[in-house]
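Keep the sequence and the model side by side as you work.

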Amino acid sequence: MGIVLDMESLIGRSIHKGIAMAISDFYALNHSYRTRIVLHTMDSKGDPLEALSAVDHLLKNVKVKAIIGPETHLQPKLLSLFADKAKVPIFSIAASSSMEYPYLFHIKDDESMMAKCVAAVVESYKWRHAIFVYEDTEDGREILPYLVESFQDKSIQITYRNAISLLATSDEIIEQLHKLMNFQTTVIIVHMSPSLASRLFLNAKKLGMMSEEYAWILTEKTVDVLRSTDFEVIESIQGVLGFRPYVPASSRLHNLTARWHNFFYRKYPTSVTKEVPVFALRAYDTIWALAESFEKVEVLENGPFFLNEVLKIRFKGISGEFQLSEGKVISNGYEIMNAIDYGEKRVGYWTLSEGIKEAYPLINRGHRYSSMHTEAVIWPGRSTTAPKGRMLHTFPGKELNIGVLKIKNFKHFMDVENDVEKNVTNATGFSIDVFNACIRALTYEVPHKFILFENASYDDLVQKVYNQEIDAVVGDSTILANRSEYVDFTSTYSDLGVGTLARIKKNDMWFFLKPLDVGLWLTAIASLMVTGFVVWAIECMNQESESSPAQRIGTIFWLILLTIFFAQREKLSNNLSRFVMFVWLLVVLILITSYTATLASLLTVEQFELVSKGGIVGFHGGSFMRGVTVSNLHFEDNMKRAYYSYEDYAHALSEDGEADAIVDEIPYIKMFLGKYSSGDYALVSSQPITSGFGFVSSPFLSITCTILHAHISNEKIFQKGSPLVQDVSREIAKMRLDGTLASLEKKWFENRLSIPSRNSTMSKALKLDRFGGLFIISGVTSALALMISSFRGCWRLLI
């Protein structure tokens, strides 16, 4: 077997010692085996070219049957060319594997598992944004695509990626850290060698970035910085979280650790650590797997056959369950470590199947957790409270300037007063309450102040934000397509669309006739008369009847009338007349139930229809509604009239008013109905042609439609596409689910009437075409019964 390692590095020496101990232990236990592994070690000196040359030499000249190493990162495609050509498996600690390279194996924990573990922990603390700082090498960039994919699966955004050279000076590192400080995100994931990470944290502490506002997360590549012997480095990393491959405790591991420590303590007393590096443990188990495979194959000329035996190997090794699948070793999960005082503390575990578990769960608690116990982790600044993950980073003395409009008549949504003495603008109303509720629910601070604008429109304020004169707008403007060219909208917090407000008509003495139209009334009366005649005729033909024809016709029609109330008591003597009566009873039953349902609906609120030309349609004169009413609701044939307050609405719809209906956005109509709740008005129809009110962000947010443009740079605040859009949308969704929005609506719309659903329409009068089939059945039945009765009468006369 060939071994290619950097014998000058501690990790290289540790792996080599682990391999040597594995060979000794394996054959001590299996002394009867006929095969033996002989090692051919080559020093790569940490140089990729030297490592590649060593691999080539071992394959061509030494004719090795397997290679472990190198731990120096090499292009997997390049390394696989050697392995595939010689049909010799290479077990690399650095190069990633792929199904494309059947002879190249990765015996380090897979990068995709590391990314999933990081994403799980970030999600567990409800952080939605993170910064990724990595070593500017191919090895450092390898995890990035896996991390992006895992974060996307959990709706987490990587706000910024920062690559730092391995040879970067302290000044260069400080410059990069200053860039990180300009961002709102305070969750920083570090993926670099321990030596570079040590310098990073020393400078981060100098800049005040190791405070309680920040959360630092170290990947497996970086986590060994927690075992640093440098006192200054130890001080600078207090409170960071790191991930180390999970190795289950066992007596074998304990004995191996003791032997490994004794050896290194004697030979390298200044660099020894108490625990065996995971790389060395993986190499130890790999030797056991190869030694077992060599024994089974015996003849080693057939590369594919030996490869097949290696892939079959599965056993409980010293590092946990050992199995090769898809060119890599199966991960056992990760330990979650926390840097505390002069060491590290295990605070949890993560596995793909079980997620996050606490290291020391409390009694009677479950075995599955969404995050570690609150007191388990000590964060930077020795805080026991998890960082919020985001803070609004502003320049000294800088606040967000949020524009608001002075609304004269619709003050329930927003009422603004300017305190001249204190130089403060105070705002109240439904929109402001929703805005404040969202801001309070965010996991980071948003310092802001309101700036009052009079004699302006929302389009004017949108332009001011776009021009960076203000940072945001809050108010009751509407989400429109032309505004979306400048802003990003959050999810809406109000009802969608526009509705028609009408006055409920009253004092109609013939209202009870409305459920059925004239044609249906006349048809029902005619059907009643025909049915009565048919029953009378059939009964007259009954020779057994003792009543006179005059008595009989009165009895029959009285009976037919009573069927309306299902109160008939007279008995019919003929089966045919009984059958005709049965069909008539079905007709009566259906008509009565339909009449009752329609009348109940009409009594709730009358159907309002703008069908005649010349009707007057009112709209909110201070908004975009003129365009909506003309373009979208097709009221071109009606006169349109602008109104500017709820009082104007009420007067226009009164008996002395001039408007037949008012068209406005549904939130305004609901507010009107809350104020005028006497039962005189109703929302009679609606159409979802507008998107309602929502927070908007292009620099920030707006309670109804306007957060707008800005950039994270030296002069601007937020980018278009700011992550605040997602944050605020998420808070609106939570408020809708937990009832907060409903509570705010109740506060501002209290005493409002029950409003029909937005797509519902009032019941119209029932028409004959809906019941034509019913009357046809009744008529045909009567005709047939009369024909049969006549035929029987004629037959009796002939006989």
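Buried means under 20% relative accessible area, exposed means over 50%, and partly exposed lies in between. Please keep in mind that this is a predicted model.

**Exercise 1.** Is arginine 346 buried, partly exposed or exposed, and which strands does its pair with glutamate 335 tie together?

*Solution.* Start with the contact: the side chains of glutamate 335 and arginine 346 form a salt bridge, at 2.5 Å from N to O. Glutamate 335 belongs to strand S14 (residues 334-340) and arginine 346 to strand S15 (residues 343-351), so the pair ties together parts 11 residues apart in sequence. Now take accessibility: arginine 346 has 28%, so this residue counts as partly exposed. Glutamate 335, at 8%, is buried.

**Exercise 2.** Where in the chain do lysine 221 and aspartate 139 lie?

*Solution.* Their side chains meet in a salt bridge of 2.6 Å, N to O. Lysine 221 is in the loop between strand S9 (215-218) and helix H9 (231-236), while aspartate 139 is in helix H5 (residues 138-141); the pair links distant parts of the chain, 82 residues apart. With a relative accessible area of 21%, lysine 221 is partly exposed. Aspartate 139, at 16%, is buried because its value falls under 20%.

**Exercise 3.** Is arginine 382 buried or exposed?

*Solution.* Arginine 382 pairs with aspartate 341 in a salt bridge of 3.3 Å, N to O. At 56% relative accessibility, arginine 382 counts as exposed. Aspartate 341 is partly exposed, at 42%.

Definitions and conventions. Residues are numbered from 1 along each chain as its sequence is written. This is a predicted model: local features need pLDDT of at least 70, side-chain atom pairs count only at pLDDT 80 or more; totals for chains, interfaces and linings use all residues. Side-chain values use heavy atoms; hydrogens and water are left out. A salt bridge is a side-chain nitrogen of Lys or Arg within 4 Å of a carboxyl oxygen of Asp or Glu. Helices (H or I, at least four residues) and strands (E, at least two) are DSSP runs, numbered from the N terminus. Buried means under 20% relative accessible area, exposed over 50%, partly exposed in between (1.4 Å probe, protein chains only).
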